[in-house]
Amino acid sequence: MAIEDDVLVVGGGLAGATAALAAAREDVRVRIVSATQSTLRQASGLIDVLGYPPDGAGTEDPIVDPFDAIADLPTGHPYERVGADAVRDALEFFDRVAGDAYAGSHTDVNALVPTYAGRVKPTARYPAATAAGLASDPRDTLLVGFDTIPDFDAPLAAGHLEAAGVPFAVRGVTVSFPGIERDDAKVTRYAHLLDRNEPVWRGGSETGSRAALASVVEDRLAGESRVGFPAILGDDHATAVRTDLEAALDVDVFEVPMGPPSLPGLRLEDLLYGALEDAGVRVTTGVPVVDYESARGGADDRTGADSDRIGHVVVDRNGAAVPHRADQYVLATGGLVGTGIESDREQVTEPVFDCHVAHPDDRYDWFVDDVFGDQPYARFGVDVDRDLRPLEAGGGLEFSNLRAAGSVLSGYDFAAEKSGSGVSLATGYVAGTRAAAEVTS
Amino acid sequence: MSDADTTADAGRPTDEHADDENDAFEPIEVFPEAESMDLRPGADSCYKCSTCDTNCPVAEVDEEFPGPKFQGPEQWRLKRQDDHDIDETVMKCSNCMRCDSACPTDVPLSQMHNTARGAYVDDQMNTLSREYVRNRLLANYRRLAPLAATFPRTANFVMGLSAVRWLGEKTLGITSEREFPEFATETFREWFTARGGAHVENPEKRIAYFHGCYANFNTPAVAKALVRVYEHFGYEVLVPEQDCSGTPMFANGMLADARRAAETNVRELAGALEEGADVITSCSSCSMSLRQEYPELFDFVDTETVAANTWDALEYLRVHEDLEAALEGAAVGEEFDDVVYHAPCHSRNQGLDSQTIEVMNAIDGIEAHDVGDSCSGISGTYGWKAERYETSMAIGEEMFEHMAAAPAETGLTECPTCSMQMEHGSGYPVYHTLEVLEAALVGSEADGTE
């Protein structure tokens with residue numbers, strides 16, 4: 001016996017979750033197996049599609065309309081593999097799942113979101129909590145930092161934004177967060193205080209933490225009509241926290257996305273995993289898929305005699321090997337950082353299905369000396385056909401019932417292009433949709 | 001899985017062949033003395049993303065707790081310096097082990113916490129202090145339970161007295177807010193012996209049941225349910241000799257006690273494996289302990305073998321039997337119409353947090369509502385300590401709210417202490433998944449008198 005499903009998605013990040021959600025629209029049984037908790041909680045929560053062209057990353061101005069730019073992408077880029085229409089469909093799919101929690105769907109044009117370092121990031125979709133802070137909005141802005149959160153230096157960020165030429169006046173102040181004494185309190189602690197509006201000491205009496213925070217900021221306002229905080233304004237009740245602060249201060253309140261660990265990432269995770277639960281997707285987390293058993297394709301296998309089928313995969317549960325069987329599989333295990341692609345001193349590999357990963361033989365050709373240069377390793381991954389099926393070195397299919405999605409794919413540098421979320425959405429959407437279609441056909 | 005090396009003599013020169021050949025290779029000892037565990041590879045894997053901190057239920061409610069990243073890799077580095085003490089806040093860690101499955105680079109966080117806590121208790125804690133005595137007592141509940149179980153009615157009466165609870169708080173620091181769990185009038189082992197051992201003999205399908213202390217002394221109904229469900233599928237049930245799994249000892253830094261218990265368990269369970277049995281547990285902390293903590297902390301001969309052949313009761317049936325087909329058309333009593341399920345942290349860490357809902361959905365007439373990923377907050381002995389009671393309840397608050405919001409007034413979980421906390425915070429009766437399976441699969445077959 002094995003644990004049986006129709007579609008098995010290996011990996012629970014943005015690509016894996018999207019693939020599972022897309023597949024679950026059909027009448028098929030879908031499961032995600034993820035080695036660790038979803039890494040979405042380390043993500044900014046922004047949905048970037050394409051911020052910079054792949055060849056001029058860092059030197060050129062940000063892309064205004066990512067859909068215009070997709071047509072010019074080189075062969076092998078994940079967007080080229082699935083096509084611009086699939087990217088559009090995937091974004092629409094995301095918009096339906098996210099509902100009011102995300103904004104940006106009204107236009108194809110990239111939005112410009114101020115970051116905690118005072119830069120401006122081109123992105124396609126952003127949390128509703130970030131909406132009032134867009135750099136294209138001309139209203140004067142106050143950024144509020146906290147002396148216990150050194151990752152966000154509000155005066156410094158404000159200075160950087162002014163130097164970047166934003167079309168509004170921006171000022172930064174640093175205050176103490178009521179109810180927090182420690183320098184290294186966890187971001188979840190701030191969010192928990194505000195979520196539960198826990199009483200804190202303020203001016204000699206106990207006040208709800210939301211009112212206490214508003215009163216600290218009120219004194220520092222000088223006519224600005226919007227106020228930006230680091231993204232710690234609640235977790236489960238983030239909208240209520242922001243609305244309360246807006247009412248108390250009579251200004252618009254927005255969050256500046258932060259590095260990991262990231263509450264907007266946590267909220268996105270909650271949103272997607274809530275949708276997965278509603279869709280009946282089964283989720284197994286905390287155990288890795290370590291191996292597979294193949295089952296030769298039959299004579300009538302339309303993909304040809306050379307390609308194997310995956311029979312079942314093996315999940316390692318603290319030493320016990322637990323078989324999981326499905327008809328179709330999606331590989332969404334992440335890239336070099338997410339360990340979906342691994343490297344040692346000899347070679348670069350894809351560890352679960354041992355799919356081919358093209359890379360120079362000489363390790364010294366894997367990188368260039370300029371740290372911010374065009375790094376070959378950034379594009380390492382699995383080559384796929386237009387159906388997202390991994391390819392062998394010779395161009396044949398690795399397996400007839402496997403598709404790959406997200407940063408395990410080769411041919412793009414998500415960090416330089418600012419395309420990570422968009423590629424995960426588009427390829428996850430296509431891989432999940434086609435996997436389910438094969439089950440039902 | 002941790003990649004820490006658990007061999008006790010790692011790094012020590014091997015001079016097996018040195019006598020034979022004078023020019024044999026003699027490795028140089030780089031470090032001054034061999035360490036029992038080399039946690040360095042794990043510490044080096046930590047790139048400070050702090051994801052573990054966002055998962056820590058204690059850090060979320062207690063600003064004074066520095067979090068798993070500090071308690072693990074950072075403290076490990078700090079204490080390379082001889083004059084550096086282990087920070088006492090390590091005792092605030094509840095050993096829920098959530099940080100383990102949060103880590104994207106497999107840093108063995110809970111292993112680091114367990115070793116740091118052990119070192120703190122050994123080197124820095126006053127063994128005459130009230131805290132030490134209390135912790136030792138709580139950690140070694142297994143030692144006291146047999147006595148109480150001998151006179152269960154007396155024990156239940158005495159422990160239920162408010163004066164005794166008051167005294168427990170004043171003298172030992174055991175919170176008077178909680179009611180002590182009742183001792184069963186007949187332990188599971190007594191029942192099993194009295195019924196003449198297993199009712200099924202089957203050399204092909206055989207399991208060794210690690211019942212743990214709680215199912216034996218306090219909730220034998222859970223253990224009986226396991227026996228009946230497994231016998232329903234034709235399994236022969238062995239009940240080997242066993243000691244405490246060690247979980248409460250790890251959580252209190254009593255590693256020497258845990259080692260003694262683990263040695264017994266590994267020996268006995270390895271013996272059962274040789275008889276062709278797989279090891280099955282009904283408590284998620286027991287399985288966590290056998291599967292993960294033993295290989296991380298101990299190096300008895302069969303530690304790894306026992307770990308690799310230990311299964312959660314429900315998980316084993318799902319893989320080895322067609323459980324869903326067996327449940328098709330099954331009916332249960334109306335006490336299980338609507339249940340609210342809490343997945344224990346130690347199930348979550350084994351990737352088992354979703355299986356109960358999946359199986360319950362296969363039974364007609366049961367609506368199982370998942371409370372989501374909140375931690376119950378009691379964490380074994382943690383919530384019993386007077387100074388931790390409030391933290392424990394603050395962590396549990398989210399679970400209580402979800403329980404209240406769900407359209408059910410019966411609880412379901414696989415962890416005995418989570419079960420206590422669920423009852424304590426909601427007033428609902430709380431069952432074990434095996435009891436529901438027993439009702440669905442065995443039902444009236446079960447002889448009420450056995």
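What is the mean pLDDT of chain B, and what percentage of its residues reach 70 or more? The mean is 88, and 90% of the residues of chain B reach 70 or more; pLDDT is the predictor's confidence in each residue, from 0 to 100. This is a predicted model, in which local features need pLDDT of at least 70 and side-chain atom pairs count only at pLDDT 80 or more, while totals for chains, interfaces and linings use all residues. Residues are numbered from 1 along each chain as its sequence is written, chains are lettered from A and ligands numbered from 1 in the order in which they are written, and side-chain values use heavy atoms, with hydrogens and water left out.

Chain A averages a pLDDT of 93, and 96% of its residues score at least 70. For the complex, the predictor gives an ipTM of 0.85 and a pTM of 0.89. In chain B, pLDDT stays under 50 over residues 1–19, for which the model has 37 contacts (heavy atoms within 4.5 Å) beyond four places in sequence. Residues 446–450 of chain B also stay under 50, with seven such contacts. In chain A, residues 298–302 stay under 50 and have four contacts beyond four places in sequence. Where pLDDT is low, the predicted coordinates should not be read in detail.

Next comes the interface between the chains. The contact takes 45 residues from chain B and 41 residues from chain A. The size of an interface is often given as the accessible area lost when the parts come together. Here buried area is the accessible area (1.4 Å probe) that two parts lose on being put together, summed over both. Between chain B and chain A this area is about 3500 Å², of which carbon and sulfur atoms give 47%. Eight salt bridges (a side-chain nitrogen of Lys or Arg within 4 Å of a carboxyl oxygen of Asp or Glu) are found across this interface. One of them joins the side chains of B:E324 and A:R29, at 3.4 Å from N to O.

Domain 1 and domain 2 of chain A bury about 1200 Å² between them, with 51% given by carbon and sulfur atoms. A:L46, A:I47 and A:R267 supply 45% of the area that domain 1 of chain A buries against domain 2 of chain A, more than any other three residues. Three salt bridges are counted between these domains of chain A. A:D48 forms a salt bridge with A:K121, the closest N and O atoms being 2.7 Å apart.

Chain B is divided into domain 1 (188–323) and domain 2 (326–442). Their centres, taken over C-alpha atoms, are separated by 21 Å. This contact takes 27 residues from domain 1 of chain B and 26 residues from domain 2 of chain B. The area buried between these domains of chain B is about 2400 Å², and carbon and sulfur atoms give 64% of it. Two salt bridges are found across the interface of these domains of chain B. The side chains of B:E358 and B:R318 meet in a salt bridge of 2.6 Å, N to O.

Methods:
Domains from an automatic or database assignment.
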